[in-house]
Amino acid sequence: MIAHLERPAGPAPGGRRLLADLGPGYLANGLIGFIFSATGPVAIILAVGTRGGLTQAELASWVFGVFFINGLLTLAMSWRYRMPLGFAWTIPGTVLVGPALQHLSFAEVVGAFYVTSAVVLLMGLSGWVKRFMQALPMPIVMGMVAGVFLRFGLDLVRALRSDVGIAGPMVIAFLLLSAVPALGRRLPPVIGALLAGALAIAMLGRIDAAALGSFALAQPLVQAPVWSVAAMVELVVPLAITVLVVQNGQGVAVLKAAGHEPPVNTIAAVCGIGAALSAAVGAVSTCLTGPTNALLTSSGERHRHYIGALCFGTFGVLFGLMAPTFTSLMLAAPAEFIMVLGGLAMLRVLQGAFLASFGGKFSLGALISLLVTVADISMLNIGAAFWGLVAGFAVSWLMEKGDFVAAARV
């Protein structure tokens with residue numbers, strides 16, 4: 001089975017190579033990717049866990065696991081393969097766990113996390129994941145990705161309407177730095193937007209001063225699993241599909257669109273290992289994140305994108321160690337600040353996703369994939385992104401047979 005794992009194309013970068021590849025734009029991409037992960041997605045964990053009756057210590061342990069463990073995986077894989085491989089946790093999987101916590105104990109849910117990790121690991125070692133990815137037309141996958149990422153663009157517009165005092169200066173700074181290349185080379189546009197937003201928040205007094213003085217280190221709890229048939233039936237298959245098809249599918253598609261060739265089977269195997277380590281501290285399964293990898297590859301030279309991933313992984317490890325402190329700081333910022341930051345960083349990525357979806361073959365299937373994903377209706381405890389892929393493939397198979405024939409000849 002190990003034979004199916006892809007080996008790195010070359011040696012890992014040494015110290016001199018790392019220093020030569022460093023650049024403010026790549027560090028900025030890593031920082032923005034981290035800020036994205038450390039705000040809205042963390043709020044989802046807190047909301048799901050609180051409704052599920054988890055204690056503050058269990059929630060802190062969960063946050064520690066998804067950042068510290070996945071930060072280490074990101075550092076190791078991005079350095080060894082010299083490409084951006086940002087690992088995080090499955091956000092749809094986190095949402096999926098919410099209803100389960102209403103009638104299952106946390107220990108039973110953790111048991112399902114462990115079994116999911118074994119399934120994902122075996123799928124990676126067997127090589128089935130890569131074969132499936134190769135069989136799925138890329139425009140249909142990118143249609144799903146565009147549907148997932150569309151909300152970031154919509155959030156940008158909504159933030160301008162709901163809080164122009166913060167959103168306005170951020171957009172103006174971004175447009176100015178983007179329109180004047182000489183300025184943009186000195187200060188990356190997204191970082192300029194971040195600084196403008198931070199200045200606006202400070203001038204308007206829109207941050208909770210109490211959050212600035214708090215400090216606490218994470219104290220992870222080792223969670224003992226309980227093996228429950230009910231938990232396995234409800235969670236394992238949906239979680240595995242979410243990780244392997246929806247989340248990893250997004251991440252792989254984003255990286256391929258940026259010119260990278262991600263090691264699909266190895267990524268799945270690493271996700272399985274990461275999911276087992278995360279389960280030990282009560283955290284949901286590991287995945288190759290789509291949005292963050294999109295941010296890491298949003299600008300710059302392809303062969304230097306991995307620097308952003310190393311930055312993202314470093315911040316993730318630090319966040320995990322000081323999860324309570326950073327969580328309170330991030331959540332103290334207005335929601336519009338995060339909405340604008342994510343929207344601006346995603347603009348070019350979203351543009352590329354639409355071009356990849358509708359620039360050639362399988363365009364009808366890509367459209368159906370996008371529409372079903374945007375509708376955000378889940379069935380059988382599996383999110384809309386998966387059903388977008390299914391619907392897009394089915395429609396293309398029925399109505400775009402010529403595109404399948406042409407693709408088979410290539």
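Q: Which backbone nitrogen lies 2.9 Å from a polar atom of the side chain of Ser 61?
A: This is a predicted model, in which local features need pLDDT of at least 70 and side-chain atom pairs pLDDT 80 or more, while totals for chains, interfaces and linings use all residues. Residues are numbered from 1 along each chain as its sequence is written, and side-chain values use heavy atoms, without hydrogens or water. A polar contact is a pair of N or O atoms within 3.5 Å, where within protein one must be able to donate a hydrogen and the other to accept it, and residues adjacent in sequence count only if both atoms are side-chain atoms. At 2.9 Å from the Ser 61 side chain, the backbone nitrogen is that of Leu 221.

Q: Which backbone oxygen does the side chain of Ser 61 reach at 2.8 Å?
A: Ser 61, placed in helix α4 (residues 56-81), is buried, with a relative accessible area of 0% (buried means under 20%, with a 1.4 Å probe and protein chains only). The backbone oxygen that its side chain reaches at 2.8 Å belongs to Val 281.

Q: How far apart are the end C-alpha atoms of helix α11?
A: Helices here are DSSP runs (H or I, at least four residues), numbered from the N terminus. The expected span is 1.5 Å times one less than the number of residues, so the 16 residues of α11 (residues 189-204) should span 22 Å, in agreement with end C-alpha atoms that are 22 Å apart.

Q: Which residue follows α11, and with what phi?
A: Buried residues of α11 include Val 190, Leu 194 and Ile 201, and what covers its buried residues includes α2, α9 and α18. After the helix, with a positive phi near 65°, comes Gly 205.

Technical notes
Helix = DSSP H or I, 4+ residues; strand = E, 2+ residues; numbered from the N terminus. Buried < 20%, exposed > 50% of the residue type's maximum accessible area, 1.4 Å probe, protein only. Contact = heavy atoms within 4.5 Å.
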